[in-house]
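Subject: Structure for your files

Dear colleague,

Here is the structure I said I would pass on. My notes come after it.

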Amino acid sequence: MGTETIKSWIKRFDRKPSFGEDHLELSSKIEKEKRKSKKLVLVGTPNVGKSLLFNRLTGAYVTVSNYPGTTVTSDSGSCDISGESFDIVDSPGMYSLSSITEEERISKLMLLEEEPDILLHVADAKNLERMLPLTLQLIEANLPVILVLNMMDEAEKVGLRIDHAKLEKELGIPVVPTAATTGRGVAELINKIGSYKPKTGYNIKYNEALESAINKISTLISDEYPISRRSLSLLLLQQDEDIEKLVKDKEDVDYNKIKKIVNETASKFRQPLNYLVKLRLQGEASEFVSSTSKEVEKVDIGFRESLSRVMINPLTGIPILLVILYFGLFWFVGVFGAGDLVGLVEEAFFGELINPWITDFVVNTIPYVPIQEFFVGDYGVWTLGITYAIGIILPIVTTFFLVFSILEDSGYLPRLALLIDRVFKVVGLSGRAVIPMVLALGCGTMATLVTRTLKTRRERTIATLLMALAVPCTAQLGVIFAVLALYPNALWLWALVILFNYIMVGFVASKIMPGDKPVFYMELPPLRVPRPSNVIKKTYTRLIWYIKEVIPLFILISIVLWGLMLAGILDVIIALIAPVINAIGLPVEASQTFILGFFRRDYGAAGLYDIQGALNGVQLLVAAIVVTLFMPCVAQFMIMVKERGMKLALLIAAFILVFAFTIGFVVNLILTSLGVVL
């Protein structure tokens, strides 16, 4: 199930029920009775091993990440347990039923929509005190929950012992200790799922005023809902917008009375009701932890914890980051991937072996020149589309995804988020934004989707703008590294200009854009030695996704360009933009680079790779700057429209178009005026 289904669920509450239309609850119950398989949903905060447990239960593979955002949309699978068929859904990360981020909201709506037969709350055993408030909320909602204490092996390594049997008795729900990385406890979990019987769990008592409000609201709720009236009342008191909308639509007559109770109760306290509820949940969780767990021995922080602290300390963390960027991105992706591998695949394999043979075959077989050009011309499906996609782009993205998977599996990315948080504040972002920013180096389209994990609309808009403007994708980056590799000074200047524009535009946007400033916190998973099998699987999964997206698009772009060329339209477009290209000091031949870049940024960079021999150092630098700052590709733009709306997406694209050429013009003017030779 993806977000579209959730949106359709919301739409169901946007309309008034018509005469004769069955109530949703009745339809849902009938549907539930009809379906053959039981529904099992995994919930929990990011970085607790949900996806790995999902893999263990279903035997399927989804990307297991140490950063939030991997499962913004859900993954689903199935399995048989005790002779019964289960549909299993891995939901996005959530900290609370009272949602703040888009991930949490999707998970909450999923719980309401799916009406699971069993809910697995996967918790980090090391941080049980922070995990239990969500467990208590799920119990309060009368949902069929099993608490999974995952990462028990790591909890034991730090000297923590949890009496899970006592915790199970006190909470009134099944509790299973597991270590999903090794498979420990998974068999017991499967037995618990197979023998699960719904129970009435522990009920929290709030202060007198809140309890009174809960009771009054509960008596006014007359319709049926997927969660308990008590939980519904608490979410209404916390002014959860989705629940307010749901109840307002269904409790037409009494909703004003409910709203009055909420306002009267809120006026009795100096702090927000949401804060008071969370404070009570946290206090209750602390009592459970103190009565069911203990630290049996003091354990030295060890090498990994020491390394973790070094990574998030600015004095030591920034040099580590620079080393990673230098060896990981520059040498491995830029020099090895974009240089050696592209030289081997594109120049030796395609250029000297495959393409001459295919060109001869097409020319000798097909007598019509336009059809020959369709396959092997300047914009031919084979000589441009396939050669660019496989010969130039694929080696670069392969090396990047390999580096990214190693960093991800090691647990470095959340530490990078903490390290960079203070710097990101300058451009109106929090450390949490480092995740979409790093992903944007792989693919801006995917990264724009992941901006959903950012908490405020202001932060999501700034991140979208900066990624579209000044974060080159891997393929583009690799080609630029390769093109400027012979001009080290030009490469440094390119990096400085892009970084300066990133900070300047972000800083100005953060000053003029209204909205709340971001607040940042993140769970830190343990540092691990990356497992080769995980790294290979993650790299393979992303490559398959990339190939499926890129190759058809490259072929389509080749066909469009061939059609434009055949109709003479391409020459007209080149003639129209020629004055702009000349104004930034480039020959007219460079126009093709920007036309290609409109379809895909990496495609444009690949075009620059082809004409590099015709440009001097200054021209290569200017072209690389403008190509980097140039408009987002078509796919990224479409996702911008979907996520930010047409008006804002067009505004960002128009700004970037003018800004990119203006910066190119200024850089060229300064360098040529000073007589700089690169």
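This is a predicted model: local features need pLDDT of at least 70, side-chain atom pairs count only at pLDDT 80 or more; totals for chains, interfaces and linings use all residues.

Six strands form an open sheet in the order β2-β3-β1-β4-β5-β7, and the pairing is mixed. At the edges are β2 (75-81) and β7 (175-177), each of which pairs on one side only. From one strand to the next the twist averages 25°. Strand β3 (residues 84-90) runs antiparallel to β2, and seven bridges join the two.

The cores

The largest nonpolar core has 111 residues. Ile 392, Leu 429, Met 437, Leu 484, Trp 494, Phe 594 and Leu 629 are the residues with the most contacts inside it. Helix α17 (residues 381-410) gives the most to this core, contributing 12 residues.

What does Leu 429 touch, leaving out residues up to four places away in sequence? Its contacts are Asp 421, Phe 424, Met 437, Glu 459, Ile 462, Ala 463, Leu 466, Tyr 502 and Pro 518.

Another core, of 83 residues, lies apart from the largest one. Among its members are Met 131, Leu 132, Ile 214 and Ile 243. In soluble globular proteins, nonpolar side chains tend to be buried together.

Regards

Conventions: Residues are numbered from 1 along each chain as its sequence is written. Side-chain values use heavy atoms; hydrogens and water are left out. Two strands pair if DSSP finds at least two bridges between them. Helices (H or I, at least four residues) and strands (E, at least two) are DSSP runs, numbered from the N terminus. Axes are lines fitted to C-alpha atoms, for helices over the stretch in contact, and angles run from 0 to 180 degrees between N-to-C directions. A nonpolar core is a set of buried Ala, Val, Leu, Ile, Met, Phe, Trp, Tyr and Cys residues joined through side-chain atoms within 4.5 Å. Buried means under 20% relative accessible area, exposed over 50%, partly exposed in between (1.4 Å probe, protein chains only). Contact means heavy atoms within 4.5 Å.
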